[in-house]
Amino acid sequence: MTFYVDAKNQNSSREIARLLRKCIRNHPKSWTELVFLCIGSDRMTGDCLGPYIGQQLTRYTKQGFFVYGTLTNPVHAMNLNHIYALIKIRHPTALIIAIDASLGQKKHLGYVTIGNGSLYPGAGVRKELPPVGDIHITGVVNIGGMLEQLTLQTTRLSTVISLAETITEGIVRLIPSECLMQTL
């Protein structure tokens, strides 16, 4: 099941934390560490949601989780397979939470989606990349349907930053309790 959260609502970061906690606790996989795989490119405004979130999360990595994909070292279509294989080797018992920007319907613009199951990066721009992650988070940064590459290039930076800050805040609210729970 996929949950939708309107990032413009006042309590959206709390709702993101609650739903992410629900997905983690309902996930059948036994895990000992959390990995955030933040996908996207810093070269396209609409696609920088993942790397921006990754950059923000690196300030909190002493909390017991790992981040792959930042503005400095993005994970994108050209290196995704390599990085994902590296994560599987370095963190064989990790629960991987994949984060990416997405295109959607006009009514979902500015929404965050959270759900169990893999993320299909590049699907909005018709790229065929392997599914990644155990849980997915996306931010609907613009409307899909036509000229997807141009749509991502002309996406408002304010939309991306607002979504990224809300998602990051939700993750940060969740992290201490989930990381502590796994060490007990």
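This is a predicted model: local features need pLDDT of at least 70, side-chain atom pairs count only at pLDDT 80 or more; totals for chains, interfaces and linings use all residues.
**Entry 1: L129, where I happened to start**

I looked up L129 and found it partly exposed, with a relative accessible area of 21%. For my own reference, buried is under 20% relative accessible area, exposed is over 50%, and partly exposed is in between (1.4 Å probe, protein chains only). L129 sits in the loop between β5 (111–116) and β6. Helices (H or I, at least four residues) and strands (E, at least two) are DSSP runs here, numbered from the N terminus.

Next I asked what L129 touches, not counting residues up to four places away in sequence. I got A77, L80, P121 and G122, with contact meaning heavy atoms within 4.5 Å. I also checked L129 against N81: they are 48 residues apart in sequence, and 8.4 Å apart in space, C-alpha to C-alpha.

**Entry 2: what I am looking at**

Residues are numbered from 1 along each chain as its sequence is written, and side-chain values use heavy atoms, with hydrogens and water left out.

I went through the protein chain and got 5 helices and 6 strands. Along the sequence they come in the pattern β-α-β-α-β-α-β-β-β-α-α. The chain has 184 residues, and 52% of them are buried. I also looked at contacts between residues at least 6 apart in sequence, and 72% of these join residues at least 24 apart. The exposed surface comes to about 9300 Å², with carbon and sulfur atoms supplying 53% of it; the areas are from the Shrake-Rupley method with a 1.4 Å probe, and for residues only the protein chains shown count as cover.

How many of the residues of strand β4 (residues 94–104) are buried? I found 11 of the 11, so the strand is largely enclosed by the rest of the structure. Both faces are covered: A94, I96, A98, D100, S102 and G104 are buried on one side, and L95, I97, I99, A101 and L103 on the other.

Then I checked strand pairing, which takes at least two bridges found by DSSP between two strands. β4 pairs with β2 in the parallel sense over 6 bridges, and L37 stands opposite A98 in β4. β4 also pairs with strand β6 (residues 135–143), again in the parallel sense, over 8 bridges. There, G104 stands opposite I143 in β6.

**Entry 3: two residues of β6**

I picked V141, which lies in strand β6. V141 is buried, at a relative accessible area of 2%. Leaving out residues up to four places away in sequence, V141 touches G46, A101, S102, L103, L109, L152, T155, T159, V160 and L163. I also noted V112, 29 residues from V141 along the chain, with 9.2 Å between the C-alpha atoms.

N142 is in strand β6 too, and at 17% relative accessibility N142 counts as buried. The side chain of N142 makes a polar contact with the side chain of T155 at 3.0 Å. A polar contact is a pair of N or O atoms within 3.5 Å; within protein, one must be able to donate a hydrogen and the other to accept it, and residues adjacent in sequence count only if both atoms are side-chain atoms.

The buried ones are L49, G50, P51, Y52, I53, G54, Q56 and L57.

In helix α1 (residues 12–25) I looked at S12, which counts as buried at 5% relative accessibility. A polar atom of the S12 side chain lies 3.0 Å from the backbone oxygen of N9. S12 touches V5, D6, A7 and T166, again not counting residues up to four places away in sequence.

**Entry 4: rings and cysteines**

I searched the whole structure for aromatic pairs and got 1. F36 and F65 form that pair, edge-to-face, at 5.4 Å centre to centre and 80° between the planes. F36 lies in strand β2 (residues 33–38) and F65 in strand β3 (residues 65–68), so the pair ties together parts that are 29 residues apart in sequence. Rings of Phe, Tyr and Trp (its six-membered ring) pair if their centres lie within 6.5 Å; planes under 30 degrees apart count as stacked, over 60 as edge-to-face, and the rest as tilted. Both F36 and F65 are buried.

Last, I looked for disulfides (a pair of cysteine sulfur atoms within 2.5 Å) and found 0 in the whole structure. C38 counts as buried at 0% relative accessibility, and C48 counts as buried at 10%.
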